[in-house]
Amino acid sequence: MSNIGFMQTMMQGALSANTMMQAANAQRSAMAKTEGQMRILETEIKLGTGATELKEKELDKMQERLETAEDLQLNTLENANTSIDKALENARDEESKKADEKDKEDSKDAQKIDTKTVQEIYQEAMEKNNKALFYSQSGTADKSKSDLTGMAMDYML
């Protein structure tokens with residue numbers, strides 16, 4: 001997933017969670033209004049004002065609506081939480097994929113360096129060997145001994 005795709009996923013998660021939170025706030029406002037109306041009915045019932053049986057039935061209906069609204073609000077908040085969790089999980093997955101890709105690239109680079117180093121060492125050894133062979137064939141054995149000793153010292157270090 002590209003950075004643009006990653007950002008779009010994060011934005012969608014954030015917008016979804018924000019929308020759900022706004023819905024939960026709207027539900028909370030409706031519930032507060034219903035609770036206020038219920039308190040008024042309870043007071044009227046206690047005072048015995050008007051048709052108390054009808055008011056008690058209306059109070060029972062309001063209580064049921066309030067419980068339904070609470071369940072709906074809880075569900076909405078759970079969905080918002082799930083949406084946020086998914087967005088975070090996607091972000092972690094994306095970061096993990098990027099880290100894995102970087103590790104693979106770093107590993108390939110290290111292998112290239114190792115291969116290059118081995119090739120350089122081999123090439124250097126071949127050049128020194130050719131020099132030593134040349135000096136030994138040309139009659140300057142003292143020079144070849146000195147080069148061979150230097151070559152041996154290079155590898156020991």
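1. Basis of the model. The structure is predicted, and local features need pLDDT of at least 70, side-chain atom pairs count only at pLDDT 80 or more, while totals for chains, interfaces and linings use all residues. Residues are numbered from 1 along each chain as its sequence is written, and side-chain values use heavy atoms, with hydrogens and water left out.

2. Overall architecture. The protein has three helices and zero strands, and its elements follow the order α-α-α from the N terminus; helices (H or I, at least four residues) and strands (E, at least two) are DSSP runs, numbered from the N terminus. Helix H1 spans residues 3–47, and helix H2 spans residues 52–138.

3. Burial and surface. Of the 157 residues in the protein, 18% are buried, where buried means under 20% relative accessible area, exposed over 50%, and partly exposed in between (1.4 Å probe, protein chains only). The protein exposes about 12100 Å², of which carbon and sulfur atoms supply 55%; these areas come from the Shrake-Rupley method with a 1.4 Å probe, and for residues only the protein chains shown count as cover.

4. Contacts across the sequence. When contacts (heavy atoms within 4.5 Å) are taken between residues at least 6 apart in sequence, 65% of them join residues at least 24 apart.

5. Gln73. This residue belongs to helix H2 and is buried, with a relative accessible area of 14%. Leaving aside residues up to four places away in sequence, Gln73 touches Ala24, Gln27, Arg28 and Met31. One of these neighbours, Arg28, is itself partly exposed at 37% relative accessible area, and its side chain meets that of Glu35 in a salt bridge (3.4 Å, N to O).

6. Salt bridges in total. A search of the whole structure finds three salt bridges, a salt bridge being a side-chain nitrogen of Lys or Arg within 4 Å of a carboxyl oxygen of Asp or Glu. As background, side chains of opposite charge can pair when their charged atoms come close.

7. Lys55 and Glu44. The closest N and O atoms of this salt bridge are 2.8 Å apart. Because Lys55 lies in helix H2 and Glu44 in helix H1, the pair ties together parts that are eleven residues apart in sequence. Lys55 is buried, with a relative accessible area of 15%, whereas Glu44 is partly exposed at 27%. Beyond residues up to four places away in sequence, Lys55 touches Leu41, Glu44, Ile45, Thr49 and Gly50.

8. Arg65 and Glu58. In this salt bridge the closest N and O atoms are 3.6 Å apart. Arg65 counts as partly exposed at 46% relative accessibility, and Glu58 counts as partly exposed at 31%.

9. A negative patch. Glu53, Glu56, Asp60, Glu64, Glu67, Glu70 and Asp71 form a negative surface patch. Patches are made of residues with over 30% relative accessible area and no salt bridge, with like charges joined within 9 Å and nonpolar side chains (Val, Leu, Ile, Met, Phe, Trp, Tyr) within 5 Å. Lys and Arg count as positive and Asp and Glu as negative, while His and the chain ends are not counted; the place of a charge is taken as NZ of Lys, CZ of Arg, CG of Asp or CD of Glu. Among the members of the patch, Glu64 is found in helix H2 and counts as exposed at 52% relative accessibility.
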